[in-house]
Amino acid sequence: MMHRLGFCAGQLGSLRLRLAGQLLPARAMSLKVGDKLPAMELVEGPEMKKVNLQELFAGQRSILFGVPGAFTPTCSRVHLPSYVRDYDKLKAKGISQVFCLAVNDPFVMQAWSDANGAEGKVRMLSDTQAIFVEAAGLSLDLSHLLGGLRAKRFVMVIEDGVVKQLDVEPDPTKATCTLADEVLQSL
């Protein structure tokens, strides 16, 4: 398996993270290829189930892709549909699960999943306060468009909780290197 880090993104901005009441220094946990996912919690589903990233990705080969926002044009027309469409091909290449992350509430994520036929193919994760994307160095300030911090458009291939591939789009309005068919070519 080739390990790949795609730098199609510009310079990462500084970040601050409050974890267990402690303010950590800027960029304390920026993720890169070879890093283990942090033991942070995200929210899944309208029942607001808290899921720990280390536990969620342990013992499997999975994909985590991030989008700036549910129901936004590129995310809805191209990005999420590529993973729904190519789900069986990804499974055939040894991917156990596919996860989509956005800085949206879990109710919006569930509605977006329903609207795109993603149920049973793509699991939706909510980073409701942008804590993970900030810690990972994958946050994007879209206050002027979407009201605050959002996720950059990215994709990770994760094996047993370790980032093996990471690609980030240079332009958040476009999806190229983070689409399912691009990931399939690298598997």
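Just after helix 4, Gly-117 takes a positive phi of about 60 degrees. Helices (H or I, at least four residues) and strands (E, at least two) are DSSP runs, numbered from the N terminus. This is a predicted model: local features need pLDDT of at least 70, side-chain atom pairs count only at pLDDT 80 or more, and totals for chains, interfaces and linings use all residues. Residues are numbered from 1 along each chain as its sequence is written, and side-chain values use heavy atoms, with hydrogens and water left out.

**Whole chain**

- The chain holds 7 helices and 12 strands.
- Of its 187 residues, 51% count as buried. Buried means under 20% relative accessible area, exposed means over 50%, and partly exposed is in between (1.4 Å probe, protein chains only).
- Among contacts in the chain with a separation of 6 or more, 65% come from residues 24 or more positions apart. A contact means heavy atoms within 4.5 Å.

**Helix 4**

- Helix 4 spans residues 106–115, and its buried residues are Pro-106, Met-109, Trp-112 and Ser-113.
- Seen down the helix axis, these buried residues fall within an arc of 120 degrees, so they line one face of helix 4. The arc is that of the directions from the helix axis to the C-beta atoms.
- An α-helix has 3.6 residues a turn, so residues three or four places apart point the same way.
- The cover over the buried residues of helix 4 includes strand 4 (41–44), helix 2 (73–85), strand 7 (97–102) and strand 8 (122–126).
- Asp-105 caps the N-terminal end of helix 4, with a side-chain oxygen 2.9 Å from the backbone nitrogen of Phe-107.

- Strand 6 is mostly covered, as 6 of its 6 residues are buried.
- Arg-61, Ile-63 and Phe-65 point one way from strand 6, while Ser-62, Leu-64 and Gly-66 point the other way.
- In a regular strand the side chains alternate between the two faces of the sheet.
- Strand 6 runs antiparallel to strand 11 (residues 154–159), and 6 bridges join them. Two strands pair if DSSP finds at least two bridges between them.
- Gly-66 has Phe-154 as its bridge partner in strand 11.
- Strand 6 runs parallel to strand 7, with 5 bridges between them.
- Phe-65 has Cys-100 as its bridge partner in strand 7.

**Ser-62**

- Ser-62 sits in strand 6 (residues 61–66). Its relative accessible area is 0%, so Ser-62 is buried.
- Its C-alpha atom is separated by 5.8 Å from that of Val-98, which is 36 residues apart along the chain.
- Leaving aside neighbours within four places in sequence, Ser-62 contacts Phe-57, Ile-95, Ser-96, Gln-97, Phe-99, Met-156, Val-157 and Ile-158.
- The side chains of Ser-62 and Gln-60 are joined by a polar contact of 3.2 Å. A polar contact is a pair of N or O atoms within 3.5 Å; within protein, one must be able to donate a hydrogen and the other to accept it, and residues adjacent in sequence count only if both atoms are side-chain atoms.

**Cys-75**

- The UniProt annotation "active site", from an unreviewed entry, covers Cys-75. UniProt positions are given in the numbering used here, feature names are shortened, and annotations may be inferred rather than shown by experiment.
- Cys-75 lies in helix 2. At 0% relative accessibility, Cys-75 counts as buried.
- Not counting residues up to four places away in sequence, Cys-75 touches Val-67, Pro-68, Gly-69, Leu-80, Pro-81, Trp-112 and Arg-153.

- Ser-126 belongs to strand 8 and is buried, at 2% relative accessibility.
- Leaving aside neighbours within four places in sequence, the contacts of Ser-126 include Asp-105, Pro-106 and Met-109.
- Asp-167 is in strand 12 (residues 162–168) and is buried, at 4% relative accessibility.
- A polar contact of 3.0 Å links the side chains of Asp-167 and Gln-165.

- Ala-130 has a positive phi of about 60 degrees although it is not a glycine. Ala-130 lies in the loop between strand 8 and helix 5 (131–135), and is buried at 2% relative accessible area.
- Asp-160, also not a glycine, has a positive phi of about 50 degrees. Asp-160 is in the loop between strand 11 and strand 12, and is partly exposed at 44% relative accessible area.
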